[in-house]
Structures are given as C-alpha cells and as structure tokens.
Amino acid sequence: MGKLRAPSSCLLSCLLVLFLSSVSAVTDDPQDRQVYIVYMGSLPSRADYTPMSDHMSILQEVTGESSNEGRLVRSYKRSFNGFAARLTASELERVSEMEGVVSVFPNKMLQLHTTQSWDFMGLKQGKGTKRNPTVESDTIIGVIDTGITPESESFSDKGFGPPPAKWKGVCSGGENFTCNNKLIGARDYTSEGARDTEGHGTHTASTAAGNAVADTSFFGIGNGTARGGVPASRIAAYKVCTPTGCSSEALLSAFDDAIADGVDLLTISIGGKKASMFESDPVAIGAFHAMAKGILTVTAAGNSGPQDSTTSAVAPWMLTVAASTTDRSFVTKVVLGNNKTLVGKSVNAFDMKGKKYSLVYGKSAASSACSAETAELCKPECLKQSLVKGKILVCSSPGGLKVVKSVGAIAIIYKSPKPDVAFVHPLPASGLPEKEFESLVSYIESENSPQAAILKTEAIFNRTSPLIGSFSSRGPNTIAVDILKPDITAPGVEILAAYSPDGEPSEYDTRHVKYAVLSGTSMACPHVAGVASYVKTFYPKWSPSMIQSAIMTTAWPVNATGTGIASTEFAYGSGHVDPIASLNPGLVYELNKADHIAFLCGMNYTSNILKIISGETVTCPEEKEYQTRNLNYPSMSAKLSGSNNSFTVTFNRTVTNVGAPKSTYNSKVVPGHGSKLSVNVTPSVLSFKTVNEKQSFMVTVTGKDLDSELPSSANLIWSDGKHNVRSPIVVYTDAN
C-alpha cells in the first residue's frame, strides 16, 4: 500500500453530495434500480411509531408510487431503524435529503474473511480449567455467517436443559432444519434456508462454542478432540451468506434480529476488502447498536495482509481479531528421486505410498497457445495434456490448481505465495517456499528423468512464539487514525473444526467431511468470541468494553512475520489472547455509549446526525475540542503529520479497579519498535481503596525523527505485583 490517507473531515452532507454528484448523470430507467440501505439510526421512543409504516410512507413519497411491491427489500425495526429498497438515482437523492436519514449507501457483497488451539492457549478440557457451568449454559453466542449444520455432533444437545428464559428468538431454518437445546435459534436471510452448504459458518460456530467431540480429524490429520471455548453455551445462527457473498442488507437484518433475540455476544467473520466510513459500514452500524444494548461484537480483521492499511473492521466499539499460528503446523514433504527431501505446506490426506512419479515442469509442457513463461505458471489452455497426464505437475504459482485435474496430472507441486499456511487441495499437493522450489527446479533441469513422491501430511509441534499469518490484514486504521487496529490476535492458521457435509473442503474438491482444516482471520475471530464469552460467564454484568479491555491488557507479546509495518503492532495490536489471564485483569478501561458519541463528535459527525444515531440529544462542541486519541481505549495510538520535527503527544486515560479492594499499581514503560520514545506517566502510581474505584492518568510521549517506514512504539504496564496491565503505545507519521 502507499501512503496512509487521513480521515475525511467532510461532514455527512458533504459525503452525500460527493456521492450523489457521481451518479447524477444516471437516468431513472426502472432497469437502473439498485438496492440501497437507508440507515435511520435508533428507533424513536414514541409509542405510536411503527417502523414498517414509516418506511413504506417514505418509499411512497420518494417513488411517487402508491404500491411499493418489489421495492422494499428489508425493514430494520427491532433494534435500530432503517430499510433496504430498490431505488433509482433520483430517488436515492430524494431519500438522502429527508429528515431523519443518517446515510444512504449501496448494498455490497462482503467476503467471508479445533483440536489443538484451545490447549495451546491454556484453556484445557475438563477439570484443568476453571469454569462457571451454570452461567455458561445461560450464555448465548450469535453467529452471523453462512448458516450451520444442525446435525453436527458439535451442536448436539445431549445434557442440555431448555434454552435460557431471556431467549426471544426463533428456529426459522427452513425445510428439514431442526434446532435443539444447544442450537437454540436460526434465521435465514438468503431464501436458501439456514442450513450451511459451504462449511464456513459451521466451522466458526463450533470454534466458538462447539461441544467437545473426541476422535475428530481430517482424514486422520490433526486427530484429537474438537471443541469450542465455551462448550456449555448456546448458539444462535444467522445465515447471511451464499456462495456469491454476504449482502449488506441481509447482514444488517441479522444484527437487527440478533440484538432483539437476546444474544449475549456476536461473532462475525465477514467484511469488506478495506475499511469504510462508519455510516456506510453495515458491521460498524450493527455493532454500534449491539454495544448500546450491552452486546460485544467480535470481528475478523480481514485476509488482505501483509499489506498495510488493509484491516477492514476499525470501529472502536468492535473487538477486531488478527490471525496467528499455534504450536502445531501441517507439513507435506516431497521426496525427490535423489532422496533429497523438500518441506512444503498443504493438508494432504492422499497416500501415494511413497511411490515416485515423473515430474514435469509447466514450461516443459507448453502448448502452442502459450509461451514457456506463461506455461510455467500453469495457466489454463497452456499445457499439453499428453505431456502431463499421469505425472506430477510442477508450477511456479498456485494457479495450476485450477487445471491440474483437467490435464490428467496425478499431483501438483507449486511455489506458494503463502508458505506459512497449509491449504486443503483435491489431490496430492505441496506448496513450497521459494528456496525449496528453486531447489526442485534445479533438480528437474539437471536430471534426465526427474521423479518425486509427495508424502501424506504430518503434524509437527514447536515451542516458538506464535507468528502472525502472512494473510492477516494489517493496520494502521484508515478511518479512525488514532485507534490502533487490529486489537488482538488469536489462532487462525490451520484450524480443525466442524464442517458441513454439504460443503467441499477445497475448490474443485468432491470429498465431503464433517470436520475440516481452514485458515483465516475468520477462524481467529470465533476463538476470541469464545474467550469473551468465557470471561462473561464469570462477570455477567461486565460491559462490552470491560470484557474487551480484559482481553487486550492481558495479551501475550508476539512476533510478526515480514518487515516494516507488517511486523509491528499494526499486525497484532495488543498481542495474543490469553484466556486464563483475561479472567483476572486487575484494571480495565471502561467505555460506554456516551464515550463513543463524544468520539464521533471528534470525528466531525454533527450533533443532529448523532442524535438520530443514538436516539438521544447530543451536543457536540462548536470547535473540535475532543481529540479522538483520548477515547478511553485499552491501547494508545497517534498519527502525526511529518517525521522530521520533535513532537509531544498526550493521552488521557481512566482505569477501573476490578481486582483487590486495596491495591497500588506502579507504572513501567518498556521500549518497542522504531525510534526511541520518551514516555512520562502522571501520576506514576495509582492507589485504590475499593473495587470499581476509578483513577485517571495522563501519558505524555515525546520524541523526534520518527522513522517514516516504521511506527515507533512502547508498552505501558501498570503492575501491583500480581497483575500486569499492558497497553501498547504507537506513534506514526503520514509517511507510513
């Protein structure tokens, strides 16, 4: 990515003018109608207000039609206000100018962003882990995803009592879909039924809250007990995705229902390829209203790493999760004819029984339609089937996976752009890192009859610190530049969890399985959702911000792959989630709805707009007196303009004592990345007399000559001898 873009200081009206000017030339042909979301903030408190009638009235006024059949797509009426409708360009302009409308934005298709991972994090099965089973059984996790597989053992209700009395949802999963006392609710927004036909939603739900299921594996790979973080909790599934994507209007409907249904926490592994302004980001909108009702939303950072500025979930009222490794990884070895062994990555369940097959490099099998250089990549139509059939195809990119079966190859070896991740493939395969691949090419070019065997995948264990997945999206935050994102990292590489038998474990795969191995921030997100639910079972009255703070300030320090921004806090935020430590944070940074409204004032949202969003009277300062970096967030971040001058930055924070009644915390600053920072904490000692007592402090950061390619950082640690409450401090410049 290039330079970071500063947050727009343009007000909402300015944004609408810019957007509308770009579509003003479009005609009002009915064929040009597109689905737009009309966001109207909080539901009015008037007893006589009926959202659906209001939405229909607005549509009639805008369209001039007495009947709006085929126009209204969704009506948001349970937890916040708004609707989705098919509108022309001029109708879009008219509705955007109406009183009570916060924003209007196009419906977009968003993307979908274990046997070992919970043990790795210290949350062990059985008596080895402290549990609060009664409260855990009353905890409901809402999963917004591709649906769920109700028959999976991971969602069996054996041993479960009836759903919690607070549950207000329904089981509306469609034909041949039955809920139970574990899977207590399901809703479908795709017209396909809530059954998961892809596997993604089943995988994420079981990772967060699946039952413990012994002897699970992917064709013998990764054998063990698959389970979620809070296996005694209940699950409600909200299907918003189909194979073509996840629509914004459906996603907002899921939030609208889930909040009103009574879920305690939401996990959503869905997002765009880049961050959007909050008023046009359906996840940010839904999560804001969830936060206002005491529900934490855990989101995936995205899979566009290691490029910087790619994290898509950036609002401070969401807990954003990056993906990292565990102490187990899957490798697939390639044994050459000269008995040299190359180590690659894949989840290869096919047993070639050690038999060696002839190797053919793509460029050596080029068809007349392509050059040797193009054939080297194994692009479609570039290979002669007669030269490839029955052999192991070698390609300098994973593109060969699209054609390997059609040209009759028995297996494939390719140069992997993501050599830290093992993927499932529909035939024997191994993805080699660059040096190993070059060694393979040298062998092929030096031998008259090069041969190799691809071995079945094996699991290897190591004790090194977790590494951030190369695919995991990085910061900095492109919308709220003084909020560090992502917030935390969790296991998201090679995760084994429940899967849909109706789905396929990989593209072009015809196998069907009940458990599969997947990688992505989609897999990391439900791990943190499980941890957040775990914390909530011990502290049911804690607010979303208290749970988020407990998770962030007790995280392990980690390392990141790559160089520059990709290897800093912009990759992992506060560090790696630690479930056990998060139960006893000592101090927490609290935030409420009013704090977030003040933050939005600092982002230049107007009082009128914020009144509609919040449903309350809001008075923003005339001048920009509120600095967004002073939001009482568990991490501290500041973007500066220019890198050559000396600077001074201050952060104001308040902590709440949730540990021992009488306690004294001393501050300590540990250096991090980049240029040296001078950090002064005032006061440097905090003394508490009671639980829930609050103490404020100010952090002053000074420095000069910031590295334009690397953020500078430090860590503030408050310690009472038992607790170490750690907050990263990150300062960076426009040049980053």
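Student: How many residues lie between β2 and β3 in their hairpin?

Tutor: Bear in mind that this is a predicted model. The hairpin of β2 and β3 has 5 residues between its strands.

Student: How many bridges join β2 to β3?

Tutor: Start with the general idea. Strands of a sheet pair through backbone hydrogen bonds, either parallel or antiparallel. Here β2 covers residues 72–76 and β3 covers residues 82–87. The two run antiparallel, joined by 4 bridges.

Student: In what order do the strands of the open sheet with β31 and β35 come?

Tutor: Read across it: β31-β33-β37-β35. That makes 4 strands, with antiparallel pairing. β31 (587–588) and β35 (678–682) are the edge strands, and each pairs on one side only.

Student: What joins β31 to β33?

Tutor: 2 bridges do, and the strands run antiparallel. β33 spans residues 647–657. Within this pair, Val588 stands opposite Thr656 of β33.

Student: Now a helix residue. Is Thr553 buried or exposed?

Tutor: Use the cut-off: buried means under 20% relative accessible area. Thr553 has a relative accessible area of 1%, so Thr553 is buried. Thr553 belongs to helix α13, residues 544–553.

Student: Which residues is Thr553 in contact with, leaving aside neighbours within four places in sequence?

Tutor: Pro585, Leu587, Tyr589 and Pro634 are among them. The list also includes the run Asn724, Val725, Arg726 and Ser727.

Terms used
Residues are numbered from 1 along each chain as its sequence is written. This is a predicted model: local features need pLDDT of at least 70, side-chain atom pairs count only at pLDDT 80 or more; totals for chains, interfaces and linings use all residues. Side-chain values use heavy atoms; hydrogens and water are left out. Two strands pair if DSSP finds at least two bridges between them. Buried means under 20% relative accessible area, exposed over 50%, partly exposed in between (1.4 Å probe, protein chains only). Contact means heavy atoms within 4.5 Å.
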